[in-house]
Amino acid sequence: MVTWAADAVGACREPLVSEGVEPAAYTLAAAADDLDDLRRALGIPKWNLISMGTASRVLFEYARRHPEGVRTLVLDSPQFPELDPISEAPDDV
């Protein structure tokens, strides 16, 4: 990871952890499962999902984990889950 990014992540993480937040719990899988919990709580059998950019990562995971809830998946400029834009960021020049 780029040094400035690692420093920023560390500065953000420390106060959260000291308040009892577990950053490792915030994953694509957890976000997809939360989205499906919302769908079921709203009583929606299948829904249309639309995203742009980085939000597409969650929808790809949602479609993989919960295909029964997807009616339509529309992705504008998708970012694929296997890419990590933070660790792949270029160094400052």
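In this predicted model, helices H2 and H3 sit roughly perpendicular to each other. H2 covers residues 28-41, while H3 takes up residues 56-65. The angle between the two comes out at about 70°, with the axes 8 Å apart. Since angles from 65 to 115 degrees count as roughly perpendicular, the pair gets that label because its value falls in this range. As for handedness, H2 and H3 cross in the right-handed sense.

What do the two helices bring to this contact? From H2 come Leu28, Ala29, Ala31, Ala32, Asp33, Leu35, Asp36 and Arg39, and on the H3 side they meet Arg57, Val58, Leu59, Glu61, Tyr62 and Arg65.

Strand S1 (residues 47-52) pairs with strand S2 (residues 70-76), and the two run in the parallel sense, joined over six bridges. To get from S1 to S2, the chain passes through H3, giving a β-α-β crossover that is right-handed. Picking out one spot in the pairing, serine 51 has leucine 75 of S2 as its bridge partner. On strands in general, side chains alternate between the two faces of the sheet when the strand is regular.

Technical notes
Residues numbered from 1 in each chain as written. Predicted model: local features only at pLDDT ≥ 70, side-chain atom pairs only at ≥ 80, totals over all residues. Heavy atoms only, no water. Pairing = 2+ DSSP bridges. Helix = DSSP H or I, 4+ residues; strand = E, 2+ residues; numbered from the N terminus. Right-handed = clockwise from strand over helix to strand, strands pointing away. Axes fitted to C-alpha atoms, helices over the stretch in contact; angles between N-to-C directions. Parallel < 35°, antiparallel > 145°, perpendicular 65-115°, else oblique. Left-handed = near helix turned anticlockwise from the far one by under 90°. Contact = heavy atoms within 4.5 Å.
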